[in-house]
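Hi there,

Here is the structure I promised to pass along. Have a look, and then read on for my notes.

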Amino acid sequence: MDLYTVLKLVWAGLLCVLLIGLGLMVGMDMGVGTLLRFVGRNDAERRTALNIIGPHWDGNQVWFILGGGAIFAAFPTLYATSFSVFYVVMILLLFSMILRPVAFEYRSKVDASTWRASWDWAFLASGFLPMFVYGAAFGNILQGVGYHFAWNGQYYQDSSFLSYLLNPFAILCGLMAVSLSVFQGGVMLMMRSENPIYSRAQGYARTGALVGAALFAIGGLWIRHVRGFVLLEGQPGMPANPMQGQHVSMEAGAWLHNYVAHPVLWLLPVLGLFSMVAGAVFVSASRPYLAWWTGVGSWVGTIGTVGAAMFPFFMPSSTNPDQSLTIWNSSASQYGLICMLVVALIFVPLILCYTAWCYYVMGGKVRPENIINDTHSY
Amino acid sequence: MTTLLRIAGLGLALVVALLFAVFVGDQGPWYFAWVVGTVMIVLISGAGAILFDAQTDNTQEGEV
Amino acid sequence: MDLINPSVVDLSRFQFALTALYHFMFVPLTLGLTFMLAAMETVYVVTGKQIYKDMVLFWGKLFGINFALGVATGLTMEFEFGTNWSMYSRFFGDMFGTPLAIEGLMAFFMESTFVGIMFFGWDRLSRPAHLAVTYLVALGSNLSALWILVANASMNVPDGAHFDPETMRMTFDSFIRVVFNPDAQAKFVHTSVAGYVTASLLVMGISAFYLLRHEHRQFAARSFRMAAIFGIISTVAVITLGDVLGRMDYEHQPTKIAAMEGLWHTSKPPYEPWIVAALPDDAKQESYFEIGVPYVLTPLVTHSFSTPITGMHELEEQAGPRIESGITAVAALKRYSETHMAEDLAIFQAHEKDMGYGFLATRHAPNQDVSAITDEELHNVVEQTKPDILPNVFVTFWSFRLMVFLSLYFFVIFAVAAYLSLKKQLERFPLFLKLCMWSIPLPVLATEFGWITAEAGRQPWTVFERLPTFMSASTHGVGYMLFSLGGFTLLYSIFIAAELYLMFKFARLGPESHGEHDPENGTPSLSVIAH
């Protein structure tokens, strides 16, 4: 394999890690947001729930920004095309994502029940909607997206946004992402709260894990009938240009080809399913820390399953399959990928160190009485 | 021994800082100016506050 | 090739300008206030006086309200390149995406992680450790600005990337040249210190408000002193760097500098006046009611008394041959993309540096296809394309002037403020204090005008002389654009209302204590602001 191919693969792998990190860390905060109105029955309880993720949501949200930035830098054509193709959905996602920081910062600064209730609804919307869109995007990509390119690289959209929203398989994937986030958010609440928040969170976390497992299994059966894509011609080391040098065919059930060729890949869906069931068990047994780590397994399993099925596709085109975006034809240049790799090797370990340090400094249970007495709490 | 290590550590930091200053000062003089200038602005405005304390005779009623 | 609907391009531009200008209402304050907080906390750690901690807590509260909106609206910006500028992102993303990603990895992560500790970690960290965290937040927010401006500078002065006909996009080839792009350097320092000015005037203005009401006097006077000194040095720096940027434009973006100065005809040094006010007419390509100061323009822009500055008419004439050559380049490129013949590649490479001008001619070509231009039509197309190389002169000219006038005003107000504060005579001049208070929003206006100058002046390009703006947008329908534009307007209006409400509320409420707690006794002055 030449260097360029290796770099493309490394970055595809890193993108996978980012997507997992995004689902896990941002999903956790969004789960808390979604659950806020349900685990907290009065204002003090809701503030307790918010302050559990209070010091960390901002850092976690950066996963989202980092995800966007990494796609832009490492796979610019994918960034340019996917964000535009899913325009209406992406804008909805953006609206809900920009509501969240404001909701955190402003909710508890005014002591009026309508003010706070409005922001609580904002938390629900900005927790549920982005996770749903995140999952649904995977659902849509698995089925292929309608777009093509002109000679100079301008993309043209061939189907309306309604087909991305009103699409049963995408809805299934969206709900699955929401369940995982509810599970992770519930577990986080359990780790740092006491009754009554604890027991309510426990119930929601268990439901989240079980629903997630069920939807994952249904999706697995369904995918056999979904039209997949097969790369017939296209070199891994090709210049990153989706307009030429590639031939792709469409075929129902093609997403299982990689699994047939490499049965070891079946470990990924097994890991996902097993983790979700184990998560429900640990939650019931009041072992939130173990449950949190099964959440990691669930995300690795699900995103890994999708990635293994689609490899080497990123976003297949259903209207002009030859111009489908793959790892090989949508990446940055070799120089760009090396640059980004060096930067990532320097900064990612640094980020992990100081994030861990922040969790260490801010550790411990959060109680309603600490919040009332703290000037800076949310 | 710890003193020696500390001196060695400080020496290393000094060398790194010097190399950084030489490189950035050469390639990006305005970046260098920003680093020096910002430190200067922070310190001078801090000095202004400390000067204020020195000017004040500890009565709450004096002119400000 | 069919062109994007022009009204979609306009709506995309409008939406980007709206969201960027809105985002930039909050950013300068973050850039400056973090370093002011660091300065205050430094004094607290050095002297141990409680009043300086109160200052950090109070101004930190206002910082937090502002920071949230800066973060939220910044999200929009990062995604908008993909959602609305698809062609631009694909064409330039190989290079442009890198600084944006580094911004996330290096700066934004640092800023966002430590900002939590800065707010919540007072009782959990030693004083020096907390001070270090505050400095990291300040450094992080300014490094964020650094990478964004590195990215922005590469649109204005595309350095460190070249066009590759195999991938149909700009290929990244030098990280060092991108980071140390002189335009990026000057832009970053100019923007960062403009943030210092904004924050200084906010702190000074609110302190003046307390002094006027004789409330929190000790607190307000110290804040005022620090802000005045912070502000005066920063204003000097902002003006110096503004001058550097002007020369940078003179060297790299002649159309921008000519539009900024309203210079229709090449200047006649040394007499050429600097136009203080005029009414530029873009359609007629001349200015009315010009009022100028003679002998100023040449030394101001070129730092010499004899170098002429090329005017817009002359720039148009010079563009003629480049447009012609660009049309040849684009036509060869299109043939090459279909046939991969070495001769087409050779023709393209011979005319490569003018490719952008060929794209610019697309709008006037038959069927929007420059390869279909016949020899008879060529002259006509070139003539029609010539005026397109100029930005909107009225907007560029006036936003530049308003920014300059405001910065001179800041210089005066900070100089007087620093003098009066050092003399401890502030309360003898209530009118001046009122002036400080009412000036709070002006730096925000000035920074917005700065952006408009820089970005309107870059037109008609997104990547200067490489990719025209009208080709860069995504191919959405008008309905999509109205949906997103309506949503942003609604959401952002709610945000600004909530922000102003909270800012006024907490500014009126004032600091919780005024240093009456003796720090030696260790009584923390924590009380409840938000019940």
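Two residues are in contact here if their C-beta atoms, placed from the backbone, lie within 7 Å. With that in hand, two pairs of chains are in contact, and chains A and C share the most contacts. Chain A and chain B have no contact between them, and their closest C-alpha atoms are 17 Å apart.

A word on conventions: this is a predicted model, in which local features need pLDDT of at least 70, side-chain atom pairs count only at pLDDT 80 or more, and totals for chains, interfaces and linings use all residues. Residues are numbered from 1 along each chain as its sequence is written, while chains are lettered from A and ligands numbered from 1 in the order in which they are written.

Now the A and C pair: 67 residues of chain A are in contact with 71 residues of chain C. On the chain A side, H5(A) gives the largest share, 13 residues (helices are DSSP runs of H or I, at least four residues, numbered from the N terminus). By class, that side of chain A has 43 nonpolar, 20 polar and four charged residues (Ala, Val, Leu, Ile, Met, Phe, Trp, Tyr, Cys and Pro count as nonpolar, Asp, Glu, Lys and Arg as charged, and the others, Gly among them, as polar).

For the other pair, 22 residues of chain B are in contact with 29 residues of chain C. Helix H2 (residues 29-55) of chain B supplies the largest share of the chain B side, 17 residues. That side divides into eleven nonpolar, nine polar and two charged residues.

Best wishes

Definitions and conventions. Helix = DSSP H or I, 4+ residues; strand = E, 2+ residues; numbered from the N terminus.
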